[in-house]
Amino acid sequence: MKILVTGGAGFIGSNIVDSYIEAGHDVIVVDDLSSGCIENINSKARFYQVDIQSTEIVKIIEEERPNIINHHAAQKSVPKSVDDPILDANINVIGLLNLLNAAVSAQVSKIIFASSGGALSGNTDVIPTSENCEPSLISPYAITKYISEKYLHFYQITYGLNYTVLRYSNVYGPRQNADGECGVVPIFMNNILNNNQSYLFTYEDMPLGTTRDYVYVADVCKANISALENGDNNIFNIGTGKEISISEIYNIILDMSSRSELPLIRKAERKGDVRRSALCSKKANKDLKWEASTSLHQGIRETFSFLLSKHR
Ligand SMILES: NC(=O)c1ccc[n+]([C@@H]2O[C@H](COP(=O)([O-])OP(=O)(O)OC[C@H]3O[C@@H](n4cnc5c(N)ncnc54)[C@H](O)[C@@H]3O)[C@@H](O)[C@H]2O)c1
């Protein structure tokens, strides 16, 4: 298959590109390198450095005529979306519409879209949260991800462009940047390795910090492989179903680093942050034959050795 991966120089996108190439697919990467980097791009992929909001991307899709577009390029930071909702909407909504129009005219058969289960669930009490839970949108990032899902449905019923939405929990693993709240694993690792303090955003009733569902990137790649042939016109949660507090993550990393004395500094809550989050992935289990098979300790160990190899 010929697959165009947007955001293929970023953390999740580049890992997906590797797994598609390993499975024998012909892969095109589109990325403006705003947060991704050239070293992440598989040498067997064709690379175009363009913005998904530009007219150039329309020409590329027209010329390359991929069977599938896997869309991972995005403004992915919740705090940034709170500070600048226009920037967030331009990249996440206008950029997507630009791709969808181009996909329709180039007769692309399907688009796989990276959405966010944690952001869409907001502050729900139903944990682990299923896809059917009424979205509670408490950040511009959550709003643009949700609207994107609605546009995908519109393009499907109107133009027959198929889609699969993968709503990730918190993804971690090799190549993740130490920025934003999604990057808490590499942020803590870097801080511990450099003997720097780390900060914990807490609510009064949650002294161990917010909770998240951490899914390893290799497991996310498997969901993207399955979505090439399964799950048309459907939405799937991709997570482990386990709720882990941010301080638990810190302690696991601290233990692995064998540095004992570097306590977390507590800070007040952060605007737009979801308090608790874990996703129920039974639907992906059934229809995509997918499950998260990497344990948290195993995933953190592999991420740590990747980071250590970069530090040397
Ligand atoms: N990391 C997570 O835990 C997580 C959770 C849920 C959903 N997601 C979604 O998964 C996707 C990938 O996230 P990631 O963590 O790999 O982030 P990332 O920042 O590493 O990757 C995003 C990539 O998109 C590129 N990009 C950004 N704006 C672009 C534009 N206008 N045109 C072309 N390229 C552009 C960046 O350069 C980068 O390479 C995003 O859509 C994100 O919202 C991530």
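Sort the shell around the ligand by residue class and you get 14 nonpolar, 11 polar and five charged residues. This is a predicted model, so keep that in mind as we walk through it. In total, 30 residues surround the ligand, and the closest are Asp31, Ser35, Lys76, Tyr141 and Val171.

Now for where those residues come from. Four elements each put at least two residues into the shell: helix H1 (11–22), strand S5 (110–116), helix H6 (140–159) and strand S7 (170–172). Of the elements, S5 gives the most, with three residues.

Zoom in on the ligand's oxygen atoms next. A polar side-chain atom of Ser35 sits 2.6 Å from a ligand oxygen, and an N or O atom in the side chain of Tyr141 is 2.7 Å from a ligand oxygen. As for cover, the ligand on its own has 820 Å² of accessible area, and the protein covers 98% of that.

Step back to the whole chain. Where the two meet, domain 1 brings 23 residues to the contact and domain 2 brings 16. About 1,400 Å² is buried between them, with carbon and sulfur atoms giving 63% of that area. On the domain 1 side, look for Asn123, Ile127 and Tyr216: they supply 34% of the area that domain 1 buries against domain 2, more than any other three residues.

Note on methods:
Residues are numbered from 1 along each chain as its sequence is written. This is a predicted model: local features need pLDDT of at least 70, side-chain atom pairs count only at pLDDT 80 or more; totals for chains, interfaces and linings use all residues. Side-chain values use heavy atoms; hydrogens and water are left out. A residue is near a molecule or strand if one of its heavy atoms lies within 4 Å of it. A polar contact is a pair of N or O atoms within 3.5 Å; within protein, one must be able to donate a hydrogen and the other to accept it, and residues adjacent in sequence count only if both atoms are side-chain atoms. Accessible areas come from the Shrake-Rupley method with a 1.4 Å probe; for residues, only the protein chains shown count as cover. Ala, Val, Leu, Ile, Met, Phe, Trp, Tyr, Cys and Pro count as nonpolar, Asp, Glu, Lys and Arg as charged, and the others, Gly among them, as polar. Contact means heavy atoms within 4.5 Å. Buried area is the accessible area (1.4 Å probe) that two parts lose on being put together, summed over both.
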